[in-house]
Amino acid sequence: NTIAPRDYSIDAAKALMELAGYDYDDLAAPDADGKYTDFHFSIDVLSPNTNPARNDWAALVVETLPKIGIGVSEYENVGWDIIGPRTFSYPTTADTGIPTTEDVGYDLFFVGLSGDLDYNPFWSYSSSAYSPDVNNFAFYKNTEVDDLIDTYTSELDATERAPTAKAIQKIISEEIPYIPLINTQALWPYDSAMTITEGEI
């Protein structure tokens, strides 16, 4: 199936905010560049400074959020030595629970994940894969997804795995533990005979 990307649209984003119950009549009119000066709520944003594409995405989001009535209290674009203890190496397990904003000091974290054509969802979505041991740094936990991942990873036939993969995708697309931003600058074909033409992704 083809998934059509959403166009960049402040109006569409504001419409979604309104559907979520936020009323723009409660805010003072935006200034000349479209940014509100009071907000529905504010967040702290954390982003590593080690990847140019990720830096651009993070800067765009930080610039855009005030235009839909979300304030940015703090934006940290820093190195892994500062980020590591608050993300990948933060000491937690499925039993200790999800760290709070007070624990780690951010609401929104930008990170890059890679996957291949036979992607294993265990690494990002299993409650047995909590950071710092594996890559479930969103500390996502859903026992149904855990069971489906066990079924998926124990099946060696790719065709037989497909229905389970779709069931996992359906749940995580509804619960959205991560907000995926597809970066076409970081797509690489495995075969040297393959090429990626801009606009075809």
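Author: A residue counts as buried under 20% relative accessible area, as exposed over 50%, and as partly exposed in between. The model discussed here is predicted.

Reader: How many salt bridges does the structure hold?

Author: A salt bridge pairs a side-chain nitrogen of Lys or Arg with a carboxyl oxygen of Asp or Glu within 4 Å. The structure holds three of them. One joins the side chains of Glu-63 and Lys-35, at 3.0 Å from N to O. Glu-63 is in helix H2 (residues 52–64) and Lys-35 is in the loop between H1 and E1, so this pair ties together parts 28 residues apart in sequence. Glu-63 is partly exposed, its relative accessible area being 38%.

Reader: Which residue forms a salt bridge with Glu-76?

Author: The partner of Glu-76 is Arg-86, and their closest N and O atoms are 3.0 Å apart. Glu-76 lies in strand E2 (residues 70–78), whereas Arg-86 lies in the loop between helix H3 (80–83) and helix H4 (101–104), so parts ten residues apart in sequence are tied together.

Reader: Is Glu-76 buried or exposed?

Author: Glu-76 has a relative accessible area of 19% and is therefore buried. Arg-86 is buried as well, with a relative accessible area of 16%.

Reader: Which residues gather in the patch of negative charge on the surface?

Author: A patch takes residues with over 30% relative accessible area and no salt bridge. Here, Glu-18, Asp-23, Asp-25 and Asp-26 form the patch of negative charge. Asp-26 is located in the loop between helix H1 (10–19) and strand E1 (41–48). With a relative accessible area of 59%, Asp-26 is exposed.

Reader: Which residues make the nonpolar surface patch?

Author: Tyr-8, Trp-57 and Leu-60 make this patch, which has an area of about 310 Å². Leu-60 is part of helix H2. Its relative accessible area is 37%, so Leu-60 is partly exposed.

Note on methods: Residues numbered from 1 in each chain as written. Predicted model: local features only at pLDDT ≥ 70, side-chain atom pairs only at ≥ 80, totals over all residues. Heavy atoms only, no water. Patch = residues over 30% accessible without salt bridge, like charges linked within 9 Å, V, L, I, M, F, W, Y side chains within 5 Å. Areas by Shrake-Rupley, 256 points an atom, 1.4 Å probe, with all protein chains shown as cover. Lys, Arg positive; Asp, Glu negative; His and termini not counted. Charge placed at Lys NZ, Arg CZ, Asp CG, Glu CD. Helix = DSSP H or I, 4+ residues; strand = E, 2+ residues; numbered from the N terminus. Buried < 20%, exposed > 50% of the residue type's maximum accessible area, 1.4 Å probe, protein only.
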